[in-house]
Amino acid sequence: MHIRQNIDTMSDASIAKYQSAITRAVTINDNRGYRHFAGMHGWSQNLCKHHVMLFLPWHRAYLYMFEPSLRDIAGDVALPWWDWSSADSHEHGLPEAFTSSQGGLASAPVPLDPQTLQAVQQQVPWALDLGGAVPRTIRDPDPAGSLPMAAAVEDVLDAPTYADFTTRLEDIHDGIHGWFKGTMSIVPFAAFDPIFWAHHTMIDRPWYKWQMRHPGVGVPAEIANSALEGFPLTVPQVLDIATLGYDYATGVVS
Ligand SMILES: [Cu+2]
């Protein structure tokens with residue numbers, strides 16, 4: 001069982017391990033590497049599901065498939081979550097683990113082919129740092145105090161139906177992407193920013209909590225047996241995180 005933890009409660013050693021896993025994944029250019037997974041979400045495979053009922057299951061499968069690629073590189077690591085609703089985040093914004101230029105989570109290269117580079121320069125030059133030899137992810141976050149409150153997430157957990165829940169949670173999720181501006185705010189490149197995974201882990205976790213709180217409530221019939229594009233998985237196969245082999249740490253920090 002792999003335990004996902006709040007980055008704020010992780011030891012320096014486990015943070016360093018996670019940082020080095022990502023740093024090394026970024027250097028692998030085949031389908032075991034970072035770029036392959038980031039490219040599934042956006043440029044250039046564009047498989048991600050947003051503003052549809054498949055949003056939560058698709059992203060759960062996405063995190064689940066990415067995580068073992070990090071373990072192949074660095075041993076026993078699990079995706080941390082960044083609790084953007086915490087008092088600490090409201091005061092300081094991103095945890096230092098993601099901003100320290102030493103750690104490898106502050107930005108990542110996005111090697112573009114010449115045609116895509118030209119399109120980015122013309123249409124969304126603010127989405128990437130185009131100043132160096134290779135484009136890199138970039139952030140220009142809004143004030144920390146404007147991040148969603150814990151009460152807002154708590155409130156969503158009371159949503160009586162899956163449709164209501166996913167719509168409201170995705171809305172909060174969208175706000176975080178927008179909060180970052182830069183790379184995270186644009187779907188084609190969002191997953192290239194190493195913070196993406198910690199943000200989405202923070203989205204998968206409330207889904208798990210909501211499932212615990214509403215044990216009899218299933219997903220809508222329209223997606224009950226849907227395949228999750230890009231992965232050898234279906235919706236029913238990702239509904240129970242225990243069968244996927246991971247859990248969310250509980251502790252003093254929620
Ligand atoms: Cu997202």
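Two residues are taken to be in contact if their C-beta atoms, placed from the backbone, lie within 7 Å. The legends below describe a predicted model.

**View 1. Helix α1 and the elements that cover its buried residues.** The buried residues of helix α1 are Ile15, Tyr18, Gln19, Ala21 and Ala25, and, seen down the helix axis, they fall within an arc of 155°, so that they line one face of the helix. Among the elements that cover these buried residues are α2 (34-41), α3 and α5 (96-99). Asp12 and Ala13, on the other side of α1, are exposed. The helix has 14 residues, which at 1.5 Å a residue should span 20 Å, and this agrees with the separation of 20 Å between its end C-alpha atoms.

**View 2. The packing of helix α1 against helix α3.** Helix α1 (residues 12-25) and helix α3 (residues 55-74) pack with their axes 9 Å apart and at an angle of about 100°, which makes α1 roughly perpendicular to α3. On the side of α1 the contact is made by Lys17, Ser20, Ala21, Arg24 and Ala25, and on the side of α3 by Ser69, Leu70, Ile73 and Ala74. Sorted by class, the residues of this contact are 5 nonpolar, 2 polar and 2 charged.

View 3. Most residues other than glycine have a negative phi, and most peptide bonds are trans. In this view, a cis peptide bond, with omega of about 10°, joins Trp43 and Ser44, and Ser44 lies in the loop between α2 and α3.

**View 4. Lys181 in the loop between α8 and α9.** Lys181 is found in the loop that runs between α8 (162-180) and α9 (187-190), and, although Lys181 is not a glycine, its phi is positive, near 50°. With 16 C-beta neighbours inside 10 Å, Lys181 counts as partly exposed.

**View 5. Arg213 in helix α10, shown with Tyr162.** Arg213 has its place in helix α10 (residues 195-213), and it counts as partly exposed because it has 13 C-beta neighbours inside 10 Å. Arg213 and Tyr162 are 51 residues apart along the chain, and their C-alpha atoms are separated by 12 Å.

Methods
Residues are numbered from 1 along each chain as its sequence is written. This is a predicted model: local features need pLDDT of at least 70, side-chain atom pairs count only at pLDDT 80 or more; totals for chains, interfaces and linings use all residues. Helices (H or I, at least four residues) and strands (E, at least two) are DSSP runs, numbered from the N terminus. A residue is buried if 20 or more other C-beta atoms lie within 10 Å of its own, exposed if 12 or fewer, and partly exposed in between; C-beta atoms are placed from the backbone. Axes are lines fitted to C-alpha atoms, for helices over the stretch in contact, and angles run from 0 to 180 degrees between N-to-C directions. Angles under 35 degrees count as roughly parallel, over 145 as roughly antiparallel, 65 to 115 as roughly perpendicular and the rest as oblique. Ala, Val, Leu, Ile, Met, Phe, Trp, Tyr, Cys and Pro count as nonpolar, Asp, Glu, Lys and Arg as charged, and the others, Gly among them, as polar. The expected span of a helix is 1.5 Å times one less than its number of residues. The arc is that of the directions from the helix axis to the C-beta atoms.
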